[in-house]
Every structure is written in structure tokens, then in C-alpha cells.
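Open the model in your viewer and keep the sequence panel beside it. The stops below say what to select next and what is there.

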Amino acid sequence: MRLAIFALDGVFDTGLTVLLDTFATANELAAAQGFAAPPFDVKIVGFGGQVRTALGLSAAVEPVSSIGQTDWVVVPAPNTKQPERLLAALERSDVRDAIAYLRAWHAEGVGIAAACLGTFLLAEAGLLDNVAATTAWPLAPLFRQRYPAVTLDDSRMVVAADRVVTAGTMMGHLDLALWLVRQASPDLAAFVARFMLIDKRSSQAHYIIPDYLAHADPLIARFERWARDHLARGFSLQDAASALSVGTRTLQRRTEAVLGKSPMAFFQDLRIERAKHLVFDWFRRRIHCERGGLCRRRDIADLVASQARPRGAGTARGDALIQRACPDPGLIRCTVVGRAFRLGRPRLLLR
């Protein structure tokens, strides 16, 4: 597989090196397994002979004209984590030239892939219009507002659609690299993942911080504060809109435009976040008392999973476990939806 990593000035250092290291490791492991030739031919391309990374390192690049018969062009993220800096970077002349190249390569049938904020370049080029994509979740509200034609699902880690592949935030570069290795050889990808200690993760939803996203918009930030004050009382769209001095339709539209979900869904996210915090905090203190020392996250997760049951199990032992997990039923009630605990996705709903 012929790969061209398209690096621009200010590139995210980890993103660039993760791509290079993953493909280099894949080639080394392939040689050890008896591959006749390295499965990946990787080059770094860019403008001006070299690029300077965000941390000030220099990397030699081949001219973009040297791409030739490349299978995939991979765009690592620019290191511009704030919306203002990202928007300014998108107007740079070299970035606009890069966008034009991406558009032309895609039209020629070359696969285009990007991770984290590199996905913004693909969206600017129009390559994501009317297709599914993901992006860096911290700037998903900006992405959603700027590119309404894109079917964005920022909960997913990697989304492949019609020779265009997008991956999630920061270490999503690693997931993207492994996806490309998998296209060449699923067995080699599994070997690389084990060798590099890469966990399988299809979603970045677990890492999303709801209140961080809410601050992308003044109205949503006010709604988030209102919601946290009313977690224990339950949700009413009318009450929320009245408290914020806006209409219900305005709040509904703004929430969906910024967060990609309804006000009720966002309210439930906050309830789940709060309930998890309460339950895990209780277990952490319990473990500390029982063991007389610091606890590990794995201990907490194991305890939560072992003390969970589907709603309505109705056994005396199950009821006793729930009572132990939720010592104050007036404060919280632990509800397991289906067999979510077996999938590692407990839903702890604040009542």
C-alpha cells in the first residue's frame, strides 16, 4: 500500500509520529513474519522541502508532485485546539493550497484519510458533504455549525465512507493508522495492535465531556447550568426554555445544531455523568476503607460490574447487591439497561 502523509507547518507532533511509527512497526513485523516485501511504502509530502511541527521540530518532506500513484493520502491534524486558532489556520495560503490538492486527488480516485482536526481540511474541500464522518469531539460543535452538509457522528472513533476515512480526536491518529493496516492485512493489524498495546475502541463517546461541549455556545452554556441545577427534579423542555427566556423550538434547534442531540438527550447525558461520579466515588471510598490504601480504577469497575443486575431481576441476592451499591436510594438508583454492564457501558441514571 502506497501512503503519502500530507504534513503542513504546525502539524500535531504526536499525530505525525504515531502514523509513521505504526506503519514502520507494521513493516518490521511483516518482515519478521516472512512477508516478501514491506506492505507499506510511506512518504511525507508537503510544501517547501520541510515542515516545522507545532513543537518546533523540523521534518523533511517531498514535494506534493511526487505523490504519483498513491493509494492513500493521510492528513494529520494541525495543532490548533482553540476554535479561533483553527479558523485562522484554515485561511492560511498553504492550507488553502492543500485543500485544493485534496480535492483533486480525491477526484482522481485516491483515498483520503484524516484524524482529529485534519478532518476539517477534508470538510473544507467538500469531501465530506452528504457522507458520514467523525471528528475531534472537543470541536464537534464548531464542525457541526461550519459544515451542516456533513453527517457528523462525533461519538465514533473511525468512519469510512466512499474512499474517505475520518478518525476522532488526538490519539484517533493511532486508530486511523491501524484501520489502514487492517486494509492491507487484518492479521498483521491484530499483531501490530498487540505489539503496540493498542486497545480496540470503536467509540470516543466515553471520553466526551458534556459541559465542555456546552460552552461552545452561550445559550447552550446557560442551558447546561440550568440542567445541572435541575438534575434531581427531572426535565421539562418548557421549564428550561422559560428559564432561559427563549422558545422551546429555539432551544431544541440550537441544542441539535451545537450538540447534535435533543435537549432531553443532553440532560440525560448530564444525569448519567453525575450518577457515575456519585457511584464511583462511593466505591472508591469503600475500597479505601476496606483495604486501607489507595484503590485502582479497575477495582472500582469490577465492583460496579459485579454488583449490577438487569432491572427487575427480583432476587433477594440481587436486591441486596443493589442496596449495597446504592446505599441511599433517595439519592440515586442504579439501573442497568439490558446487559450493558457486560459491554462495559453501565447506565447510571440519577433519579
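A nonpolar core is a set of buried Ala, Val, Leu, Ile, Met, Phe, Trp, Tyr and Cys residues joined through side-chain atoms within 4.5 Å. Buried means under 20% relative accessible area, exposed means over 50%, and partly exposed lies in between (1.4 Å probe, protein chains only).

This is a predicted model, in which local features need pLDDT of at least 70, side-chain atom pairs count only at pLDDT 80 or more, and totals for chains, interfaces and linings use all residues. Residues are numbered from 1 along each chain as its sequence is written, and side-chain values use heavy atoms, with hydrogens and water left out.

**Stop 1: the whole chain**

Show everything as a cartoon. The chain has 14 helices and 11 strands. Helices (H or I, at least four residues) and strands (E, at least two) are DSSP runs, numbered from the N terminus. Of the 351 residues, 47% count as buried. The chain exposes about 17600 Å², and carbon and sulfur atoms supply 52% of it. Accessible areas come from the Shrake-Rupley method with a 1.4 Å probe; for residues, only the protein chains shown count as cover.

Contact means heavy atoms within 4.5 Å. Among contacts between residues at least 6 apart in sequence, 64% join residues at least 24 apart.

**Stop 2: the largest core**

Select Phe-6, Val-73, Leu-102, Trp-105, Phe-120, Leu-122 and Leu-128. Of the 41 residues in the largest nonpolar core, these seven touch the most other members. Elements giving two or more residues to this core are β1, β6, α2 (83-90), α3, β7, α4 (118-124) and α5 (140-146). Which element gives the largest share of this core? Helix α3 does, with five residues.

Zoom in on Phe-120. Leaving aside neighbours within four places in sequence, Phe-120 is in contact with Leu-86, Leu-90, Thr-135, Leu-139, Leu-142, Phe-143 and Tyr-147. There is also a second, separate core of 36 residues, which includes Leu-3, Val-11, Ala-115 and Leu-176.

**Stop 3: the sheet**

Hide the side chains and find the open sheet of seven strands. Its order is β5-β2-β1-β6-β7-β11-β10, with mixed pairing. Two strands pair if DSSP finds at least two bridges between them. The edge strands, β5 (62-63) and β10 (158-161), each pair on one side only.

Select 111-115 and 164-167. These are β7 and β11, which pair in the parallel sense over four bridges. Across this pair, Ala-113 stands opposite Val-165, and Ala-115 stands opposite Ala-167.

In which sense do β10 and β11 pair? They pair in the antiparallel sense, over four bridges. Ala-160 stands opposite Val-165 in β11.

**Stop 4: turns with positive phi**

Most residues other than glycine have a negative phi. Select Asp-162, in the hairpin of β10 and β11; two residues lie between the strands, and Asp-162 takes a positive phi near 55°. Arg-163 lies in the loop between β10 and β11 and has a positive phi of about 60°. Arg-163 counts as partly exposed because its relative accessibility is 39%.

Move on to Met-170, in the loop between β11 and α6. Its phi is also positive, near 45°. With a relative accessible area of 32%, Met-170 is partly exposed.

**Stop 5: helices on the sheet**

Select α6 (residues 172-184). This helix lies across β6, β7, β10 and β11, running at about 155° to β7. Axes are lines fitted to C-alpha atoms, for helices over the stretch in contact, and angles run from 0 to 180 degrees between N-to-C directions.

The axes of α6 and α7 come within 6 Å and cross at roughly 145°. Leu-178, Val-181, Arg-182 and Ala-184 in α6 meet Pro-186, Leu-188, Ala-189, Val-192 and Ala-193 in α7.

**Stop 6: Ile-209**

Is Ile-209 buried or partly exposed? Ile-209 is partly exposed, because its relative accessible area is 39%. Leaving aside neighbours within four places in sequence, Ile-209 is in contact with Trp-137 and Glu-273. Ile-209 and Trp-137 are 72 residues apart in sequence and 8.9 Å apart in space, C-alpha to C-alpha.
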